[in-house]
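The following dialogue takes up, in turn, how several features of a protein model are to be read.

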Amino acid sequence: GHLRGKPFSGDLVYQNFSDPTLKLNLKAEVDVAHVLGLFSVKDLKSGSGQAKVRFAFAGNLRTLKANPGSATLSASGEAHLQGVNLRFRQHPVGFTGLQGNFLFRKKDVVISDFSGKMGDSDFLVNGYLKNVLAWLFLKNQPLGIEADVTSRFLNLDQMLAASGPATVGARKAQPGKGYALNMPARLAIDL
């Protein structure tokens, strides 16, 4: 079919309701703003840009819960971002000009040439997200990040202000005061 003039296709097989096995294949070119309108993400205020996605998953859901790294689970595919902009509800500084490639390999994601800006700061990331399936779908699972990050300019005032609260009581946080680097629990980072 078509979604806002962009092609998509897919199939889903759900077998055995008492011990479910899932097979999913998805291929789509999507407008990020339209997808966020259909499937809201609580932390995202808005988004725009284009994404091309091809994703396949096959496996038993009980096995996914018990052992997300099981060899019997299969996940593969890729996502390509082009000109994506994201605004988060709790962060005053948005991400702009996001582009790059993400390759799904079993439970991990390879990040290739992911670049963009956060306020005045620019970045380029190449690396891996480890244990993605478990982190996305199960509670209390760690996410590993192994990446090389390069930048020509970092505005630490903006970055640290964005990590802290946007407001303190009724007052706005002031640059240079009240900075915090808030990191999700169960995140293992190797940069």
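Q: On what conventions do the values rest?
A: Residues are numbered from 1 along each chain as its sequence is written. In this predicted model, local features need pLDDT of at least 70, side-chain atom pairs count only at pLDDT 80 or more, totals for chains, interfaces and linings use all residues, and side-chain values use heavy atoms, leaving out hydrogens and water.

Q: What pLDDT does the protein chain average?
A: pLDDT is the predictor's confidence in each residue, from 0 to 100. The protein chain averages 85, and 86% of the residues score at least 70. Over residues 166-173 the pLDDT is below 50, and this stretch has 8 contacts in the model beyond near neighbours in sequence.

Q: What is the strand order of the open sheet?
A: Strands are DSSP runs (E, at least two residues), numbered from the N terminus, and two strands pair if DSSP finds at least two bridges between them. The open sheet of 10 strands has mixed pairing and the order β1-β2-β3-β4-β5-β6-β7-β8-β9-β12. β1 (2-3) and β12 (187-190) stand at the edges with a single partner strand each, so one side of each lacks a neighbour in the sheet.

Q: How many bridges join β5 to β6?
A: Strands β5 (residues 74-88) and β6 (residues 95-105) run antiparallel and are joined by 8 bridges. Glu 78 stands opposite Leu 103 in β6.

Note on methods:
Contact means heavy atoms within 4.5 Å. Helices (H or I, at least four residues) and strands (E, at least two) are DSSP runs, numbered from the N terminus.
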